[in-house]
Amino acid sequence: MIWIRAHYDRVSVLVAGLFLVSSALLIISNVSRFGENFPARQIAPPPKPASPLPQALELEEAAERFRQPAQWTFTGRSGLFVPEKHFIDANGLPTTLQTTEVHPPVPNEWLEEFGLPIADGDVLSQDPDADGFSNLEEWQNHTNPKDKNSHPAFIAKLKMKSFVQEPFRLVFASWVDGTFAINTNDLKEPTQFLKLGDPIRGTKFRLLRFTEKFAPNRYGTQIDISELTLENQESREQLNLVKEKIMISPESVANFTYGWGGGREFAVKKDQEFSLKPEEQIKYKLVDVQSAKAVIVNTQKPGEPIEVGLLTP
């Protein structure tokens, strides 16, 4: 112990040296065994489920889309570099779809809804579905101009070109029991008092049938609107006279023009029946002729009059 105390510095250095050498040997030993122990210390992660293989059809569709060139799409009225389509109006001034109707009375929105060429000057007269009706007629009747099975009624193609209207000369003046008074509309002939079956002197007509009728007027009073049916003894055509009312002569004629299937013109006398292609099974009857229109009825629906307007230039 005396020696250690006398040589304390040397002993300390010696102990420190031995500690360092021991530490170095331990480190070397651990490093040499690390390569052998490291794989055993690794924890294998849980296996991941295999990703399903894409189906062949999906792959093919994706490949096809990839091969297609990119397309610029938009839903507004403007193009890629033009903010708004421009037109020249009837006055020669520039205009846009936002500020004016290009083809009045048809709205721009209706033309765009069905993809019609709004820039074409004759777009309203075009017939894209070839059903015999123009775009204007399709718009007027709320039908689809791109669907051949959606079109206006064929009767819409019927217009009155001209007319000849005359008052009927005989007037049903009054009746008492089974006797009927017949006058002329100018009262230049004496009254004839006749019974059913009697001929009317100076005419081709005879009294055929009587129907008693009454209706309230605007004051609530019942008025006599009885009808006396006359028959032309040569043609067998019939005409109804309403009490005290001047009727339209059966000789009145409406000249019609029909614009479907190539078009045709024909004349119809009052109370005469006619038909229109391609629905020739439907029979129409001319019941009235006026200065601005003719009135016809479908003989299967006599209570639903149809007005036929004048042909516009």
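Strands β14 and β15 pair in the antiparallel sense over three bridges, where two strands are taken to pair if DSSP finds at least two bridges between them, and where strands (E, at least two residues) and helices (H or I, at least four) are DSSP runs numbered from the N terminus. The model is a predicted one, in which local features need pLDDT of at least 70 and side-chain atom pairs count only at pLDDT 80 or more, whereas totals for chains, interfaces and linings use all residues. Residues are numbered from 1 along each chain as its sequence is written, and side-chain values use heavy atoms, with hydrogens and water left out.

A hairpin of two residues joins β14 to β15. Within this pairing E273 stands opposite K285 in β15, and L276 has E279 of β15 as its bridge partner.

Overall, the secondary structure of the protein chain comes to five helices and 17 strands. Of its 313 residues, 27% count as buried, a term that denotes under 20% relative accessible area, with exposed meaning over 50% and partly exposed in between (1.4 Å probe, protein chains only). Among contacts in the protein chain with a separation of 6 or more, 35% are accounted for by residues 24 or more positions apart, contact being defined by heavy atoms within 4.5 Å.

An open sheet of three strands has the order β3-β12-β13, and its pairing is antiparallel. Strands β3 (158–164) and β13 (264–269) stand at the edges with a single partner strand each, so that one side of each is left without a neighbour in the sheet. Neighbouring strands of this sheet are turned by 25° against each other on average, direction ignored; the axes are lines fitted to C-alpha atoms, for helices over the stretch in contact, and angles run from 0 to 180 degrees between N-to-C directions. Strand β12 (residues 253–258) pairs with β13 in the antiparallel sense over six bridges, and Y258 stands opposite R264 in β13. R264 also lies over the face of F266, at 4.2 Å from the ring centre, under the criterion that NZ of Lys or CZ of Arg is within 6 Å of the ring centre and within 35 degrees of the ring normal.

The largest nonpolar core has 19 residues, and those with the most contacts inside it are L158, F256, F266, F274, L276, L286 and I296; such a core is a set of buried Ala, Val, Leu, Ile, Met, Phe, Trp, Tyr and Cys residues joined through side-chain atoms within 4.5 Å. Two or more residues are given to this core by each of β3, β12, β13, β14 (273–276), β15 (279–289) and β16 (293–298), with β15 giving the most, at four residues. When residues up to four places away in sequence are not counted, F256 touches several residues, including L158, M160, R264, F266, L286, I296 and V308. Apart from this core lies another, of 15 residues, among them F180, I182, L228 and L239.

Aromatic pairs were assigned to rings of Phe, Tyr and Trp (its six-membered ring) whose centres lie within 6.5 Å, with planes under 30 degrees apart counted as stacked, over 60 as edge-to-face and the rest as tilted. By this rule the count comes to 12 aromatic pairs. One of these pairs, F172 with F210, is edge-to-face, with 6.3 Å centre to centre and 85° between the planes. Because F172 lies in strand β4 (residues 170–176) and F210 in strand β7 (residues 205–211), the pair ties together parts that are 38 residues apart in sequence. F172 counts as buried, its relative accessibility being 0%, and ring pairs link F172, W175, F180 and F210 into a cluster.

P105 is found in the loop between β2 (94–96) and α4 (108–113) and counts as partly exposed, at 46% relative accessibility. P105 touches L136 and W139, residues up to four places away in sequence not being counted. P105 and L136 are 31 residues apart in sequence and 8.8 Å apart in space, C-alpha to C-alpha.
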